[in-house]
Amino acid sequence: MEQNELLGRAVAPLLQWYEENKREMPWRGETDFYKILVSEIMLQQTRVEAVREYYVRFLERFPTACTLAEASEEEVLKAWQGLGYYNRARNLQRAAKQICEHGVPKTYEEVCALSGVGEYTAGSLSSIALGLPCPAVDGNVLRILTRLFADDGKIDEKAVRARFAQDLKKVYPPQASQFCQALMELGAIVCVPNGAPLCGICPWQTFCRAHVRGEEQLYPVRSPKKERRIEEYKVLVLEYEGQFALVKRAEKGLLAGLWQFPMYGVECDQAQFGEERKKKKAKHIFSHIEWRMTGYLLAAREKFPQFVWAGADEIERQYALPSAFKAFFGWVKN
């Protein structure tokens, strides 16, 4: 059976399976472009379960594109706190401003012009929100298609993603929104990313080439990963008369423009800032870097002018601190 014929055969059972098995999500069935945009940006590099509550709270605070566009960046970053990859929040606000100024996009090209919207997100938005036959090829879709075809192309290569997008475009049904979501859903709950796929409940089990051959675990194929760079730091939680020291990160680079506790290289002598009360170790893993941190809770010798000082309640209300420092939040709250 040719690959196009095989994929064409897979459409109808997938749509039926999706109708019967799709998970309930706060954005599912939504038709408002802005609300779908919020869900898609939040779901970039973040698990569905982690997004659910954030999505609801974010839309309570910013129910329309224009309310988001008119908010301060600090408000937006605070509402985003804990989701990580904070440039997504900035891009989402820029996209909201574009929508307020120019209106809701009506074509794939107009969707692509929104800030922070790449090829995958543009395909997803165009299919789900606009009903256009525009493939959205993410990790879930790559996994199910490489197994369906027993295809050993390396999924981290752009050419392989483009090839699968072209394959999908040829078989897109009129139910573009449901088809796009069904592909992702199959990869999320049946052809799962970690562990053995649940082939016994898969609508493609009788004609999936990898399953028929008993080779599901051979796919997908990826290029070897580069090792993460390890960086070591000291994190200083300085307290002076009920207030804590904060510094703002540079406007470019990792965690750009966010607030954090003062952080220095391991050569820093923390005793120069104050008397040690507590100490603990923590680590945070980014995609390409691993931070290994030793945190110190210090009674500050003075209210050092190079820092911004704020009380625990003020930090909770106003300052967006990255989850990289989560291990030390308890010292502030207590």
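**Pockets, cavity and helices**

Reply: The second largest pocket holds about 490 Å³ of space. A pocket is an open set of points on a 1 Å grid over the protein atoms alone, with protein on both sides within 12 Å along at least five of seven lines. Grid points are joined across faces, edges and corners, and a volume is the space filled by probe spheres set on the points. This is a predicted model: local features need pLDDT of at least 70, side-chain atom pairs count only at pLDDT 80 or more, and totals for chains, interfaces and linings use all residues. Residues are numbered from 1 along each chain as its sequence is written, and side-chain values use heavy atoms, with hydrogens and water left out.

Me: Which residues lie nearest the centre of the second largest pocket?

Reply: Q81, G82, L321, F329 and K333, out of 18 lining residues. A lining residue has an atom within 4 Å of a point. The elements giving two or more residues to this lining are α3 (48-61), α5 (73-80), α13 (312-318) and α14 (329-333). The largest share comes from α13, with four residues. Helices are DSSP runs of H or I, at least four residues, numbered from the N terminus.

Me: How does the lining of the second largest pocket divide by class?

Reply: Eight nonpolar, four polar and six charged. Ala, Val, Leu, Ile, Met, Phe, Trp, Tyr, Cys and Pro count as nonpolar, Asp, Glu, Lys and Arg as charged, and the others, Gly among them, as polar.

Me: Now closed space. How many cavities of 30 Å³ or more does the structure hold?

Reply: One. A cavity is a set of grid points where a 1.4 Å probe fits but cannot get out. The largest cavity has about 110 Å³ of space. It is lined by 14 residues, and R147, C191, C199, C202 and C208 are the closest to its centre.

Me: Which helix gives the most to that lining?

Reply: Helix α9 (residues 139-149), with three residues. By class, the cavity lining has ten nonpolar, two polar and two charged residues.

Me: Switching to α1. Where does α1 bend?

Reply: At V11, by about 30°, and a proline, P13, follows within four residues. The bend is the angle between axes fitted to the seven residues ending at a residue and the seven starting there. Across its 19 residues, α1 reaches 26 Å from first C-alpha to last, close to the 27 Å expected at 1.5 Å a residue. The expected span is 1.5 Å times one less than the number of residues.

Me: What covers the buried residues of α1?

Reply: The cover includes α9, α10 (158-171), α11 (176-189) and α12 (209-212). The buried residues are L6, L7, A10, V11, L14, L15, W17 and Y18. Buried means under 20% relative accessible area, exposed over 50%, and partly exposed in between (1.4 Å probe, protein chains only).

Me: And G8, why does G8 count as partly exposed?

Reply: Because its relative accessibility is 36%. G8 sits in helix α1 (residues 3-21).

Me: What about S127, buried or exposed?

Reply: Buried, because its relative accessibility is 0%. S127 lies in helix α8 (residues 119-130). Beyond neighbours within four places in sequence, S127 contacts L132, C134, Y172, A176, S177 and C180. Contact means heavy atoms within 4.5 Å.

Me: Last one. What does A188 touch?

Reply: R23, N140, R143 and P193, not counting residues up to four places away in sequence. A188 is in helix α11. A188 counts as partly exposed, because its relative accessibility is 27%.
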